[in-house]
Amino acid sequence: MPAIMEKVLRSRSLPDLLEVMPAYFEENGFSSCFYFSAAPGTRGNAPEGLMEPMHHGFSPEVVRTYLAANFQRLDVVPRTAMALGVPVRWTEAWASVDATPEERGFLQLMRELEIGDGFTMPCYGPNGRDGYVGIGRMAENARVDEDALREMHMAAQAMHLRICEFLAGRQADDRPLSGREREVLDWVARGKSNSVIAEILGISVGTVDTYLRRIYDKLDVTDRTSAAVRGIGMGLIAA
């Protein structure tokens, strides 16, 4: 296992992770990086779905200009990377599309900011919480061979999944399960159907359905199995 994967897995908080990843990319010859992700249930580039971006090595002017330039609609690189599922070089992504006048204007703006070239790596997460990592300001000796890009992509994907875990834990801390919701989740984890759970707890099947919807929402899942796995993983119920 590459050393970076162990560092990602050992990270115990979001700040820990945000120290590890920029240092790793810099070791590979990229002094700037950024990360975007979308909340579950939204399309990856939908403005309302994007969480606050994380970035390192870009000037405040570059960040402000990029965010204000309708990048969700005009930057072709992220959607190209998400569609292909592999790291995409920025210049090659732009060369591969028949850009609209607005998109060409966006590209010219980025050139004026002297962002240079780089790569965007797609990341996929639970329940549609997808995202992408960009690395730029390449040094002359930057590692851009296939093996290096594959490793960096794996590291970016691992980072994204770790961030998803942190966000899920934060959401659970902010919206804890009630005692009754834990009871329902515990029986779900034991493989009981809604009708059986209703009989055990002395409530209606409709009430069980309501509790389950609340549990799914609080745990950021969409099915019984995922709810049970996450509940056990978070220590909400016994294995």
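Visitor: Leaving aside its neighbours within four places in sequence, which residues is C164 in contact with?
Guide: Keep in mind that this model is predicted. C164 is found in helix α8. Beyond the neighbours within four places in sequence, C164 makes contact with P126 and R129.

Visitor: Is C164 buried or exposed?
Guide: The cut-off for buried is under 20% relative accessible area. C164 has a relative accessible area of 6%, so C164 is buried.

Visitor: How far apart in space are C164 and D130, C-alpha to C-alpha?
Guide: Start with the sequence, where C164 and D130 are 34 residues apart. In space, C-alpha to C-alpha, the separation of C164 and D130 is 9.4 Å.

Visitor: H153 is in helix α8 too. Which residues does H153 touch, not counting residues up to four places away in sequence?
Guide: Helix α8 covers residues 146-174. H153 has a relative accessible area of 14%, so H153 counts as buried. Set aside residues up to four places away in sequence, and H153 touches G85, V86, P87, M121 and P122.

Visitor: What distance separates the C-alpha atoms of S13 and I163?
Guide: S13 sits in the loop between α1 (3-10) and α2 (14-27). With a relative accessible area of 24%, S13 is partly exposed. S13 and I163 are 150 residues apart along the chain, yet their C-alpha atoms are separated by 8.6 Å.

Visitor: Among contacts between residues at least 6 apart in sequence, what percentage join residues at least 24 apart?
Guide: Picture the whole protein chain, with 12 helices and five strands. Of its 239 residues, 46% count as buried. For contacts between residues at least 6 apart, the share that joins residues at least 24 apart is 66%.

Visitor: How are α10 and α11 set relative to each other?
Guide: The axes of α10 (residues 194-201) and α11 (residues 205-219) come within 8 Å. They cross at roughly 105°. Angles of 65 to 115 degrees count as roughly perpendicular. The two helices, α10 and α11, are therefore roughly perpendicular.

Visitor: Which residues of α11 meet α10?
Guide: By class, this contact has five nonpolar, two polar and one charged residues. From α10 come N194, S195, I197 and A198. Across from them, α11 supplies V205, V208, D209 and L212.

Visitor: Where does E114 lie?
Guide: E114 has a positive phi of about 55° although it is not a glycine. Most residues other than glycine have a negative phi. E114 is exposed, because its relative accessibility is 63%. Its place is the loop between α7 and β4 (118-123).

Visitor: What is the phi of N70?
Guide: N70 lies in the loop between α3 and α4 (71-74). At 29% relative accessibility, N70 counts as partly exposed. N70 is not a glycine, but its phi is positive, at about 55°.

Visitor: Which residues are the closest to the centre of the largest pocket?
Guide: The largest pocket holds about 470 Å³ of space. Its lining is made of 23 residues. Of these, the closest to the centre are Y66, W90, M110, I115 and G116.

Visitor: Which elements each supply at least two residues of that lining?
Guide: By class, the lining of the largest pocket has 16 nonpolar, four polar and three charged residues. The elements that each supply at least two lining residues are β1 (30-37), α3 (60-68), α5 (76-84), α6 (90-95) and α7 (101-112).

Definitions and conventions: Residues are numbered from 1 along each chain as its sequence is written. This is a predicted model: local features need pLDDT of at least 70, side-chain atom pairs count only at pLDDT 80 or more; totals for chains, interfaces and linings use all residues. Side-chain values use heavy atoms; hydrogens and water are left out. On a 1 Å grid over the protein atoms alone, a cavity is a set of points where a 1.4 Å probe fits but cannot get out, and a pocket is an open set with protein on both sides within 12 Å along at least five of seven lines; lining residues have an atom within 4 Å of a point. Grid points are joined across faces, edges and corners, and a volume is the space filled by probe spheres set on the points. Helices (H or I, at least four residues) and strands (E, at least two) are DSSP runs, numbered from the N terminus. Ala, Val, Leu, Ile, Met, Phe, Trp, Tyr, Cys and Pro count as nonpolar, Asp, Glu, Lys and Arg as charged, and the others, Gly among them, as polar. Axes are lines fitted to C-alpha atoms, for helices over the stretch in contact, and angles run from 0 to 180 degrees between N-to-C directions. Angles under 35 degrees count as roughly parallel, over 145 as roughly antiparallel, 65 to 115 as roughly perpendicular and the rest as oblique. Contact means heavy atoms within 4.5 Å. Buried means under 20% relative accessible area, exposed over 50%, partly exposed in between (1.4 Å probe, protein chains only).
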